[in-house]
Amino acid sequence: MRKIAVGIVSTLVGGAMLVSGGSAAMAKTKAATIDIRDITPNPVVVKDGGETEAFFKVDASSDVDNVKLSVSPLGVRTLRAQEAKQIESWRFSVPFNSDDAEGKWRATAQAFKDGKVVATDEAVFSVEIEEGKAETRVSRFSADPYKVRKGKSIWFSGRLQVDDDGWEGVRGEKVNVYYRANGSSGWKWVASGTTKWGGKFTAKTRAWKSGTFKAVYDGNDELDGSTSRTDYVRVYTWRR
């Protein structure tokens, strides 16, 4: 009876050892993992003529020897994938400029062990290119008449134009007129006009003292601001 009991215990212990050994073998053969955890910024916004650096954080299991990351635009066959620069442990950087393709890009991370790829992960991010503002100018600005009696009207005219492969008129934009009186160092707003066909605008004010006038366009999200040349008006007082 005692021998039978000892045999049962031995069998149970042996079975436990077999199970334990199997678990150790499974742990040793566990598959390597890799994960693109973060892309900053996303979208990657690049100003016209500028450059923006994007950062990629990758997580990999401890049994991985090396990690490589590459990025490539989606749907653009003419551009090859470019490899990212590793700046610290599994953290990479990629510079983007306005010559890069706009739209969706794919980041591909590969984990290596003993020189072989053992795991791969992909993530999609966006690249946006901000176009620069177009150059403008205020041309043919004039304040008339050049000599006027105090209290009478001074008329302003000019054109707002944009450089679009040649100078063209801009319609529907506000142009402000500023005045600097003789003996003063500051400019004061006196009138505004809205551009019509061909970029033409007009405005008027009353004459009080001799001084200099200029037209200023502040610009918007697509157009740069600009300032006209100055024009002088002499104001006189009527005497009998």
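Lys174 stands opposite Thr194 in β15. This pair belongs to a predicted model. Strand β14 covers residues 174–181. Strand β15 covers residues 188–194. The two strands run antiparallel and are joined by 6 bridges.

Together, β14 and β15 make a hairpin, with 6 residues between the strands. Gly183 lies in the turn. The phi of Gly183 is positive, at about 85°.

## The four-stranded sheet

An open sheet is built from 4 strands. Their order is β1-β3-β7-β6, and the pairing is antiparallel. Two strands sit at the edges: β1 (34–40) and β6 (85–88). Each of these edge strands pairs on one side only. From one strand to the next, the twist averages 35°.

## The β1–β3 pairing

Which strand, spanning residues 51–60, pairs with β1? The partner is β3, and the pairing is antiparallel over 6 bridges. Within this pairing, Ile39 stands opposite Phe56 in β3.

## Confidence

The protein chain has an average pLDDT of 87. A score of at least 70 is reached by 85% of the residues.

Residues 1–27 are another matter. Over this stretch, pLDDT stays under 50. The model gives residues 1–27 0 contacts beyond four places in sequence. Where pLDDT is low, predicted coordinates should not be read in detail.

Conventions. Residues numbered from 1 in each chain as written. Predicted model: local features only at pLDDT ≥ 70, side-chain atom pairs only at ≥ 80, totals over all residues. Heavy atoms only, no water. Pairing = 2+ DSSP bridges. Axes fitted to C-alpha atoms, helices over the stretch in contact; angles between N-to-C directions. pLDDT = per-residue confidence, 0-100. Contact = heavy atoms within 4.5 Å.
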